[in-house]
Amino acid sequence: MKATAKAHPIQGLVKYHGMRDEQLRQPYHDSISVSTAPSRTVTTVEFEPDSNEDVFLIDGETVEGRGRERIENVVDHVRDLAGIDHAVRFESENDFPTNIGFGSSSSGFAAAARALVGATDLDMTLPDISTVARRGSASAARAVTGAFSHLRTGLNDADCRSERIETDLEDDLRIIGAEVPAYKETEEAHREAADSHMFDARMAHIHGQIAEMRDALREGDFHRTFQLAEHDSLSLAATTMTGPAGWVYWQPRTIEMFNTVRELREADVPVYFSVDTGASVYVNTTAEHVDRVEGAVADCGVDTRVWEVGGPSQLLDESAALF
C-alpha cells in the first residue's frame, strides 16, 4: 500500500477567495487556473498496518499544527473511502520556493491526493481525485486535473470538482515566475474574505469573469485571457486589502514589475502580470517574447523562473519513491 505521485503548482487566473465550508474547502465561487511546469511537488505515501502513528514530512521537516491538520483531513477522507484505519507515512518534496505566492499548497495536496488514492487502489478519475485534494486546498483540485482547469463551486463532491479546459494556448504560453519572498497568511485572508465590503462586488462580477475566461480559452485568445487574469489579480487584492486585517501583500518590487509589464505592453510586447495571494508575480507572455520579457523582469532585481504549461498529477514509478 505504497505510491508516489507528482503534481505541478498552479497560477490562478480567475482566483477563488473565501470558503463557504472551511473543513471541506468549498469556495464561494468558481475558479480557473493554469499549472506551471517543470516546478513540481513529489509525494510518497505508505499505509503501515503495523504502525499506530501517522508521520508527515515536508522537505525533511516534521509537519505540526495547522499544516498537519490539513494533511490529516485529506488522509482521513481517503481512509474512509478505502475502509481502512492504517497509519500512514507521508513524505513530500518541492523543487521550487514555497510560501511566497507560487501555489505550493496546490501541488502539495494534489500530489498527496494522487499518491493516497494510488496506494489504496481506489478506482477514481482525475475529477474524482480533485475532490480529495480539495479537502487540503481548493487550488489543489485544479492541480490534479492540470493545464487549464476549472473548479466549480458546490455543496457536494459531485458538483465541487475540477475539470480541464482544452485550449490552443497550452503550447505557446510562457510564464515567468518573479520571486519576491514575503510573509503571507493565505488561509487567514480566505477566512475573512466575506467580511470585506468589496466581497459582494466581487461576487457580483465573478460569474461573468468565469464565462469570459472560458470563452477566451476556447478561442485561444492570449490577450483576452491574460487581460482578464491581470484584472482579476487587482480585484482579489482589493478584497484582501479591505478585510478586517487589511492584508497588503505587495512589496515595492511587486509594483515595479507591474510597471515594467505595462511599459513592455506599450512597446507592443504581448505580456500581462498576475498575482495570487503574496508578493511574487507571474508574468505571462509567449514563447517568441519570453527572453526579452524575462530580461526586463530580472532587471527589477528579482530571481526568475521560466515555466510552461504543466499537465495533470500522475503516479510515478517505484524508483521515484522518497523512501
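## Starting at Arg135

The model is a predicted one, so please read the distances here as values computed from it. Arg135 itself belongs to the loop between helix H3 (126-134) and H4.

Is Arg135 buried or exposed? Its relative accessibility is 10%, so Arg135 counts as buried. Leaving aside residues up to four places away in sequence, Arg135 touches Gln23, Leu24, Arg25, Arg70, Asn73, Val74, His77 and Asp157. For a sense of scale, Thr120 is 15 residues from Arg135 along the chain, and the C-alpha atoms of these two are separated by 18 Å.

## Arg25, a partner of Arg135

One of the residues touched by Arg135 is Arg25, so let us follow the chain there. Arg25 is in the loop between strand E3 (19-21) and strand E4 (26-27). With a relative accessibility of 3%, Arg25 counts as buried.

Which residues does Arg25 touch, not counting those up to four places away in sequence? The list holds Tyr16, Met19, Arg66, Arg70, Arg134, Arg135, Gly136, Ser137, Ala138 and Glu187.

## The chain as a whole

Stepping back, the protein chain contains 9 helices and 16 strands. Its radius of gyration is 19 Å, close to the 20 Å that the globule rule gives for 323 residues, so the chain is as compact as a globular protein of that length. Along the principal axes, the C-alpha trace spans about 65 × 40 × 35 Å.

Of the 323 residues, 57% count as buried. The chain exposes about 13,100 Å², and carbon and sulfur atoms supply 44% of that area. If we take contacts between residues at least 6 apart in sequence, 77% of them join residues at least 24 apart.

The protein chain is divided into domain 1 (2-167) and domain 2 (173-309). The contact between them takes 41 residues from domain 1 and 48 residues from domain 2. The C-alpha centres of domain 1 and domain 2 are 23 Å apart.

Where does Glu170 lie? It is in the loop between strand E11 (162-164) and strand E12 (173-179). The relative accessibility of Glu170 is 19%, and because buried means under 20%, Glu170 counts as buried. Its side chain makes a polar contact of 3.2 Å with the side chain of Arg164. Not counting residues up to four places away in sequence, Glu170 touches Ala147, Phe148, Arg164, Ile165 and Val309.

## Backbone features worth a look

Most residues other than glycine have a negative phi, and most peptide bonds are trans. Here are some departures from that pattern. Ala147, one of the residues touched by Glu170, has a positive phi near 50 degrees. Ala147 is in the loop between helix H4 (138-145) and strand E10 (148-151), and at 0% relative accessibility it counts as buried.

Asp59 also has a positive phi, of about 50 degrees, although it is not a glycine. Asp59 is in the loop between strand E7 (55-58) and strand E8 (61-62). Its relative accessible area is 38%, so Asp59 is partly exposed. As for the peptide bonds, the one joining Ala37 and Pro38 is cis, with omega at about 15 degrees. Pro38 falls in the loop between strand E5 (31-37) and strand E6 (41-48).

Helix H6 (residues 199-219) includes Gly208. At 39% relative accessibility, Gly208 counts as partly exposed. Gly208 and Ala113 are 95 residues apart along the chain, and their C-alpha atoms are separated by 31 Å.

How many residues does helix H7 have? Helix H7 (residues 222-241) has 20 residues, and from its first C-alpha to its last it reaches 29 Å, close to the 28 Å expected at 1.5 Å a residue. At the start of H7, a side-chain oxygen of Asp221 comes to within 3.2 Å of the backbone nitrogen of His223.

How values were computed. Residues are numbered from 1 along each chain as its sequence is written. This is a predicted model: local features need pLDDT of at least 70, side-chain atom pairs count only at pLDDT 80 or more; totals for chains, interfaces and linings use all residues. Side-chain values use heavy atoms; hydrogens and water are left out. Helices (H or I, at least four residues) and strands (E, at least two) are DSSP runs, numbered from the N terminus. The expected span of a helix is 1.5 Å times one less than its number of residues. A polar contact is a pair of N or O atoms within 3.5 Å; within protein, one must be able to donate a hydrogen and the other to accept it, and residues adjacent in sequence count only if both atoms are side-chain atoms. The radius of gyration is taken over C-alpha atoms; the globule rule is 2.2 Å times the number of residues to the power 0.38. Buried means under 20% relative accessible area, exposed over 50%, partly exposed in between (1.4 Å probe, protein chains only). Contact means heavy atoms within 4.5 Å. Accessible areas come from the Shrake-Rupley method with a 1.4 Å probe; for residues, only the protein chains shown count as cover. Domain bounds come from an automatic or database domain assignment.
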